[in-house]
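Please look over the notes below with the model open beside you.

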Amino acid sequence: MFQRLITYLDSIKARDPAPRSRLEIMLYPGVLALGLHRVAHALYRAELYFLARFVNHLSRMLTSIDIHPGARIGRNFFIDHGFTVIGETAEIGDNVTIYQCVTLGGTSPDNGVAGKRHPTLADNVIIGSGAQVLGPITVGIGARVGANAVVTKDVVPGAVMVGIPARPTVIEGGRSEQSFVPYGTPCRDMFDPETQKFELLRCELDQLRKEIAALRAERDGHGSADGPGELRDRA
């Protein structure tokens, strides 16, 4: 259990450059909220619903994060800052990152019978601050939802969703443009504390390549207007 805690804290440090130690990370509201949720979820599964709600209520008072005791959450889940709401039937995979003021909300069943009402987030998903993911939808592996987006339909793996309603950003060839990279998050789907600096450098290199390509395209465009043939005609 101790090694699992260390792995969890290191996974957060790989996504957030701010903390200086593991002890500092343990003070994060998202870490405290997740720890209390583990307790509440165990009580919920034991059908001790009042106690589960009591722990949930305590967690909400301490952290401003509301995770329903029934929500199922995988490993290395990180809520950066707080003010997040996660509904009862939400399911969250491994290595998921959620920024502040996110809602994993539900829909009211037409027949009044409770069922799957909240979203499912697959492994390695990133949800930007202020985003709303609503209904019994699935956000595929490695997908990213931009800040303040509202998602009401399934998201394919690896997509980058932006806007209201959320839509994938697309570039030539139909590929999803990987432009949403939250600060401190490596580019690859999986993160590893040992390779964080390398991955961040890779991000910077990719950005520099795009800028150089744009500058070359602009230079070539000007050059074609005043090419050698036109200069000879002017002479």
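1. A salt bridge here is a side-chain nitrogen of Lys or Arg within 4 Å of a carboxyl oxygen of Asp or Glu. With that rule, Arg72, Glu91 and Lys116 are linked in a network of salt bridges. The count for the protein comes to six salt bridges.

2. Basis of the values. This is a predicted model, so local features need pLDDT of at least 70 and side-chain atom pairs count only at pLDDT 80 or more, while totals for chains, interfaces and linings use all residues. Residues are numbered from 1 along each chain as its sequence is written, and side-chain values use heavy atoms, with hydrogens and water left out.

3. Overall content. The protein has six helices and 15 strands. Helices (H or I, at least four residues) and strands (E, at least two) are DSSP runs, numbered from the N terminus. Of its 235 residues, 42% count as buried. Buried means under 20% relative accessible area, exposed over 50%, and partly exposed in between (1.4 Å probe, protein chains only).

4. Surface and contacts overall. The protein exposes about 13700 Å², and carbon and sulfur atoms supply 58% of this area. Accessible areas come from the Shrake-Rupley method with a 1.4 Å probe; for residues, only the protein chains shown count as cover. Contact means heavy atoms within 4.5 Å. Among contacts between residues at least 6 apart in sequence, 38% join residues at least 24 apart.

5. The side chains of Arg72 and Glu91 meet at 3.9 Å, N to O. Arg72 lies in strand E2 and Glu91 in strand E5 (residues 91–92), 19 residues apart. Is Arg72 buried or exposed? Arg72 is exposed, because its relative accessible area is 52%. Glu91 has 27% relative accessibility, so Glu91 counts as partly exposed.

6. The open sheet. Four strands form it in the order E2-E5-E8-E11, with parallel pairing. Strand E2 (72–73) and strand E11 (138–139) stand at the edges, each with a single partner strand, so one side of each has no neighbour in the sheet. Two strands pair if DSSP finds at least two bridges between them. Strand E8 (residues 120–121) and E11 run parallel and are joined by two bridges. Thr120 stands opposite Thr138 in E11.

7. Asp10 and Arg22 form a salt bridge at 2.9 Å, N to O. Asp10 sits in helix H1 (residues 2–15) and Arg22 in helix H2, 12 residues apart. Asp10 counts as buried because its relative accessibility is 19%. Arg22 has a relative accessible area of 39%, so Arg22 is partly exposed.

8. A bridge further along the chain. Asp220 and Arg219 pair through their side chains at 3.3 Å, N to O. Asp220 counts as partly exposed, at 44% relative accessibility. Arg219 counts as exposed, at 55%.

9. Aromatic pairs. How many are there? The count comes to two. Rings of Phe, Tyr and Trp (its six-membered ring) pair if their centres lie within 6.5 Å; planes under 30 degrees apart count as stacked, over 60 as edge-to-face and the rest as tilted. Tyr28 and Phe78 are stacked, at 6.3 Å centre to centre with 25 degrees between the planes. This pair links distant parts of the chain: Tyr28 is in the loop between H2 and helix H3 (29–45), and Phe78 is in strand E3 (residues 78–79), 50 residues apart. Both Tyr28 and Phe78 are buried. Tyr44 and Tyr49 pair edge-to-face, at 5.3 Å centre to centre and 70 degrees between the planes. Tyr44 counts as partly exposed at 22% relative accessibility, and Tyr49 counts as partly exposed at 45%.

10. A nonpolar surface patch. Phe2, Leu5, Leu23 and Met26 form it, with about 440 Å² of accessible area together. Patches are made of residues with over 30% relative accessible area and no salt bridge: like charges are joined within 9 Å, nonpolar side chains (Val, Leu, Ile, Met, Phe, Trp, Tyr) within 5 Å. Leu23 belongs to helix H2 (residues 22–25). Leu23 counts as exposed because its relative accessibility is 66%.

11. A buried histidine. His37 is in helix H3. His37 counts as buried, since its relative accessibility is 3%. Leaving out residues up to four places away in sequence, His37 touches Ile67, His68, Pro69, Ala71 and Ile73.
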